[in-house]
Amino acid sequence: MLTDIEIAQQAQAEPIAKIAGKLGITEDELEFYGKYKAKLSEELFTKTADNKDGKLILVTAINPTPAGEGKTTTSVGLSDALSKIGKKTIVALREPSLGPVFGIKGGAAGGGYAQVIPMEDINLHFTGDMHAITSANNLLCAMLDNHIQQGNALNIDVKRIHIKRCLDMNDRELRSIVAGLGGRMNGVPREDGFIITVASEVMAILCLASSLDDLKARLGNILVAYSTDGTPIYAKDIKANGAMAALLKDAIKPNLVQTLEGTPALMHGGPFANIAHGCNSVRATKLGLKLADYCVTEAGFGSDLGAEKFFDIKCRKAGLTPSAVVLVATVRALKYNGGVPKAELETENLDALKKGIVNLGAHINNMHKFGVPVVVAINRFGADTDAELEYIENYCKELGADFALSEVFAKGGNGAIELAQKVVDAAEKPSEFKVLYSEDIPLKDKIKTIATQIYGADDVEYTTAAQKALTELEKLDTAKLPVCVAKTQYSLSDDPKLLGRPEHFKITVRDLQLSNGAGFVVVYTGNIMTMPGLPKVPAAEKIDVDSNGKITGLF
């Protein structure tokens with residue numbers, strides 16, 4: 001079979017103006033970035049403001065495994081299938097980060113015959129949003145350090161600086177650095193560090209902001225440091241938010257592209273779900289609901305991370321009501337959870353499947369806690385046997401979830417017609433959506449609710465540093481904020497080695513940090529790195545470009 005990039009390069013893309021026309025968007029409402037991608041103007045938001053909202057479909061998954069699940073591929077294929085059965089559909093996805101593209105995870109444009117194109121553009125520079133976010137974050141850092149250098153009128157304590165510089169690349173060398181070592185004229189020496197752009201608060205803010213004015217206000221509310229007497233210092237105190245917003249004035253506009261089958265696709269924002277809140281922008285999702293009858297979107301990693309944050313942070317703050325959840329799994333991944341090595345996953349093993357399927361069961365039960373109908377999509381592979389698939393179908397039905405096979409990787413939208421119809425049926429049911437916890441309960445209770453109700457933990461423990469951070473946060477106006485847990489994606493627990501459905505464990509909180517502009521508290525568990533590193537053999541080694549500008553090796 002052709003590689004993803006070969007399939008994408010052979011596709012006959014339609015001009016983006018024609019794709020926009022399917023949604024009633026005129027050329028005057030587009031800001032073109034070449035022939036096949038465009039940003040959507042503010043005028044379009046005004047024009048569609050009174051349109052009736054379509055139905056919001058969330059695609060999530062079980063905990064990811066080396067066997068692969070195909071969540072984005074399913075999102076794209078499902079949107080194509082909904083279009084094929086006559087539904088006016090749009091898919092709203094996150095933008096890829098260059099870190100995973102050149103590292104190990106890959107891109108975020110789908111795969112096989114269920115992709116979003118132009119694939120090379122999307123996975124590389126796209127429309128420059130990532131660069132704008134990186135620049136805005138680093139401008140804030142530069143202005144903060146300049147304020148200290150130029151007399152430090154705010155008495156900023158250089159040992160209590162909250163903000164870090166960022167880079168949209170996996171570079172472990174920059175996790176912890178010492179800056180300002182060039183003498184008196186070259187900055188005040190201090191400890192510093194870099195995070196990856198998609199873990200930055202600026203990224204989270206862009207994805208949660210409702211307008212340019214809201215964006216500017218949120219940027220001003222970023223907690224950057226404390227003074228020597230413990231007073232919090234915000235970005236607005238060093239007068240950085242106006243210039244930051246100026247850098248982001250185009251980045252806040254959603255990007256329009258298309259699937260291989262011509263279904264309109266919005267790609268905007270890209271926070272990681274194991275560190276940040278893992279959802280595309282509120283503006284893109286809300287606009288998608290105004291433009292189409294069905295808006296298919298996804299949340300990063302497993303439902304214990306992405307979906308929980310989608311519901312408890314994004315939907316809560318943006319007033320969104322999802323109509324159905326599609327939970328993606330594979331036979332191979334479930335057998336891996338049952339203890340089968342990756343090399344042996346092609347062989348039928350019902351015993352391992354029965355042992356590992358409890359991971360799927362946990363995710364089904366968790367999604368039901370939010371009051372939304374669940375459809376399980378099994379991303380089918382050639383080695384899957386009828387006995388294995390029948391067992392999964394019966395298991396899902398026993399837990400009150402519908403079930404459909406998905407073959408979109410090989411067949412595109414035609415491989416998800418049954419799934420699309422079941423999603424339509426699920427979305428027709430009255431929504432009983434509810435968030436998991438009240439904003440009025442203490443931060444500790446919010447954390448414990450997620451840990452016990454979603455992860456299945458017995459309790460939560462706090463390190464001395466975490467308890468100190470919690471005490472500091474309680475002095476600020478954080479009581480009503482939701483929490484964003486930074487946790488391994490590979491397990492329901494905070495230990496990536498505990499597969500299946502772990503029992504009798506505790507979640508250990510090692511730190512808490514206020515994302516004041518974004519409007520949530522980040523809770524760090526386990527060994528989560530906010531600046532990933534490259535693997536032993538990075539994907540970048542296989543990527544090349546020929547003399548004609550044709551890119552190869554990009555998946």
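Which residues of α15 are buried? The buried residues of α15 are Asn-359, Leu-360, Gly-361, Ala-362, His-363, Ile-364, Asn-366 and Met-367, where buried means under 20% relative accessible area, exposed means over 50%, and partly exposed lies in between, with a 1.4 Å probe and protein chains only.

## Basis of the description

This is a predicted model, in which local features need pLDDT of at least 70 and side-chain atom pairs count only at pLDDT 80 or more, while totals for chains, interfaces and linings use all residues. Residues are numbered from 1 along each chain as its sequence is written, and side-chain values use heavy atoms, with hydrogens and water left out.

Helix α15, residues 358–368, is mostly covered, with eight of its 11 residues buried; helices (H or I, at least four residues) and strands (E, at least two) are DSSP runs, numbered from the N terminus.

Helix α4 spans residues 71–84 and is likewise mostly covered, since 12 of its 14 residues are buried, among them Lys-71, Asp-80 and Leu-82. From its first C-alpha to its last, α4 reaches 20 Å, close to the 20 Å expected at 1.5 Å a residue, the expected span being 1.5 Å times one less than the number of residues. Just after α4, Gly-86 takes a positive phi of about 90°.

## The loop between β21 and β22

Ser-493 lies in the loop between β21 (483–486) and β22 (506–515), and it counts as buried because its relative accessibility is 0%. A polar atom of the Ser-493 side chain lies 3.0 Å from the backbone nitrogen of Asp-495. Leaving aside residues up to four places away in sequence, Ser-493 touches Lys-487, Thr-488, Leu-498, Pro-502, Phe-505 and Ile-507, contact meaning heavy atoms within 4.5 Å.

His-504 is also placed in the loop between β21 and β22, but this residue is exposed, with a relative accessible area of 69%. Although His-504 is not a glycine, it has a positive phi of about 55°.

## Backbone features in other loops

Phe-301, in the loop between β16 (294–298) and α12 (303–318), has a phi near 55°, a positive value in a residue other than glycine; at 15% relative accessibility, Phe-301 counts as buried.

## Pocket and cavity

The second largest pocket holds about 1400 Å³ of space. Of the 44 residues that line this pocket, Ile-161, His-162, Lys-164, Asp-511 and Gln-513 are the closest to its centre, and β22 gives the most to the lining, with six residues. On a 1 Å grid over the protein atoms alone, a pocket is an open set of points with protein on both sides within 12 Å along at least five of seven lines, a cavity is a set of points where a 1.4 Å probe fits but cannot get out, and lining residues have an atom within 4 Å of a point. Grid points are joined across faces, edges and corners, and a volume is the space filled by probe spheres set on the points.

A search of the whole structure finds one cavity of 30 Å³ or more, and the largest cavity contains about 40 Å³ of space. Its lining includes Glu-95, Pro-96, His-125, Phe-126 and Met-130.

Methods: Polar contact = N/O pair within 3.5 Å; in protein donor to acceptor, adjacent residues only side chain to side chain.
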